[in-house]
Amino acid sequence: MQRLHLQKLVFYAVLLLMTAVYIGPFIYQFFISISHSKDVFGSPGNLIQPPNWTLQNYANVWVDLPFKQWLVNSVFITVVQTITNVFFSALAGFVFARLDFPGRRFIFGLLLSSLTVPGIILLVPKFIFMNDLRLVNTYTGLIIPNLVTITNIFLMKQFFETIPKDLEEAALIDGCSYFRIFWQIFLPVSTPALAAVAIYTFQGSWNEFLWPVIISITSDHFTLPVGVGFLKNQFQSDWPLLMAGTLLITLPTLCIFLVFQRYFVQGIAASGGKE
Amino acid sequence: MATVEIRHLVKQYPGAAKPTIPDANLTIEDRSFVVLVGPSGCGKSTLLRMIAGLEAISGGDLLIDGQRINDLSPKDRDIAMVFQNYALYPHMSVYENMAFGLKLRKFPKAEIDQRVRAAADILGMNELLERKPKAMSGGQRQRVAIGRAIVREPKVFLFDEPLSNLDAKLRVQMRVEIKRLHQRLKATMVYVTHDQVEAMTMGDKIVVMKAGIIQQVDSPMSLYHNPANLFVAGFIGSPSMNFSRGQLVSENGALRFTNQTFNFQLPPNQADSLKSQVGKEVIFGFRPESMYDTRFPSGKTLTDPQRITIDVTEPIGSETFVYFTLDGQTGCMRVPSDIRYQPDEVITVGFDTGRLYFFDPQTELRLG
């Protein structure tokens, strides 16, 4: 009995420690964001003294910076990419999972093999390509490369393959075209997988830094991570302002995760196959 | 309602060494209930799926009411199909599941409603119309699947092993319901099963298949009493027919079947038809209920008495299956439940002379 208690104690201690490692920086960030610049490099003890707290940094984020513009940009790009990813990855996943056409395996293999190329290697060719199309520093340029991702197509294909073939055949006999089967039968029964794709895409798109920083030149095309990133320069950084900005950026993903976390798990389970 | 004609139908899968169905010919009469039966992999489901349009036809013609439908898509063939796994749309209610096909065919709302409610009435599902499939039992789901077919009022109903996923009791119940439905709708129905009891009890006509080849097409009782070959004889009937290899010999002008276990004289009419087989090896077949203990009156004309040694008995209540050693294998005899035997007991039996079957060991065709 005592052994069991000890085991539990160790278990919770390890959990607490791990939580502290992950949550600690966020707490530190929060306290910096409500502090004055002069206190940031003082003793950490100063940070947690209520008399030193201020919400001015959060106000400054809105007033001093083009935060609203960046927010609009981020929301626009994220929403568009999430919708297109859900739609196109489901469509492509359906085609690869359910339609039989010459070269299907080859094309899918080709798509999958592109995953082995590190994304960073493709940055320069992608930029040159966008430049040739005169899409640098445009919303189209920001959005196009991530309209759909191979990983999402793969996830949807795996999910659709678990749907019994009888369902598709029953729909064919009922009079459905293949697009209607996709739209009216497969999509409605695939909510866990679709939610997973939407959440992954939202998170990835919202936090994306590298591509937007390369493709956008003027600050009116910045997304939130890029804009806030520019607050930190080589010689001087307003740390409380920076932390307030980044904390605000984190909030939407945090909310989405908290509300939809069961879909994260379901999405992962679904890709493993479940009828 | 409709007649389905299958003429020299071929199914060859790409890359397969030989065709799954080499040359199928069959006419399914209007308003008949035809059962395709055979062991796994015999091509019965493939044939059904070709009628449905779910499998491409490699050769031959498929006609419904005289119209060639080889190249029509499933939705244009005016057929409805009930699947083994029900294949209900999980996100739709029972009502929506049944109405879906009609909606796609742009039927007026009032007619859809009337048809769905009429089908629900027939199947006793009025209370369940708002339920989702996941909130229903297997039997109820299969009823919805049948309802989905009924509302369409198709030319032909196709059933692909619809009762295989149900438990034994429910299966018997649904068997009766489907048969009753056929009597009520008077529709052409094609039913696939691997269960010969299901085939016997449901079909007006049974099509026995093996390795893609139709072995025999006949009514259930004709199949049972007049099997065309060894396979049909062994497949139809439960427990199945007993077989014993031996020789036909001529003795004092009479024909006798003889081997290590049996030696009896054939009745004159059968002896006539088997004259040409004298001296040749044949396979003798007899059903478990055509064998009688000579101690009890059977009311049948029996062959000469034969001795067998009891191995195991299996009382099932209404009757008893008695197993005995036959050519190193196990033979079965069906006796009334009040007759009791002990293991290793030696008894004398005779065969009903009107139910003796002989097959050619090479061609496996019935000789007489």
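Reply: Let's start with one pair: Val37(B) stands opposite Thr193(B), a residue of strand S8(B). You are looking at a predicted model, in which local features need pLDDT of at least 70 and side-chain atom pairs count only at pLDDT 80 or more, while totals for chains, interfaces and linings use all residues. Residues are numbered from 1 along each chain as its sequence is written, and chains are lettered from A and ligands numbered from 1 in the order in which they are written.

Now widen the view to the two strands. S3 of chain B covers residues 33–37 and S8 of chain B covers residues 188–193; the two run parallel and are joined by five bridges. Strands here are DSSP runs of E, at least two residues long, and two of them pair if DSSP finds at least two bridges between them.

S3 and S8 belong to an open sheet of six strands in chain B, ordered S6-S7-S8-S3-S9-S10, with mixed pairing. At its edges are S6 and S10 (213–218) of chain B, each pairing on one side only. On average, neighbouring strands of the sheet are turned by 20° against each other, direction ignored.

From here we can follow the chain B side of the contact with chain A. Here 17 residues of chain B are in contact with 13 residues of chain A (C-beta atoms, placed from the backbone, within 7 Å). Strand S6 (79–82) and helix H2 (94–104) of chain B are the elements that give two or more residues to the side touching chain A. That side of chain B divides into twelve nonpolar, three polar and two charged residues.

Methods
Two residues are in contact if their C-beta atoms, placed from the backbone, lie within 7 Å. Helices (H or I, at least four residues) and strands (E, at least two) are DSSP runs, numbered from the N terminus. Ala, Val, Leu, Ile, Met, Phe, Trp, Tyr, Cys and Pro count as nonpolar, Asp, Glu, Lys and Arg as charged, and the others, Gly among them, as polar. Axes are lines fitted to C-alpha atoms, for helices over the stretch in contact, and angles run from 0 to 180 degrees between N-to-C directions.
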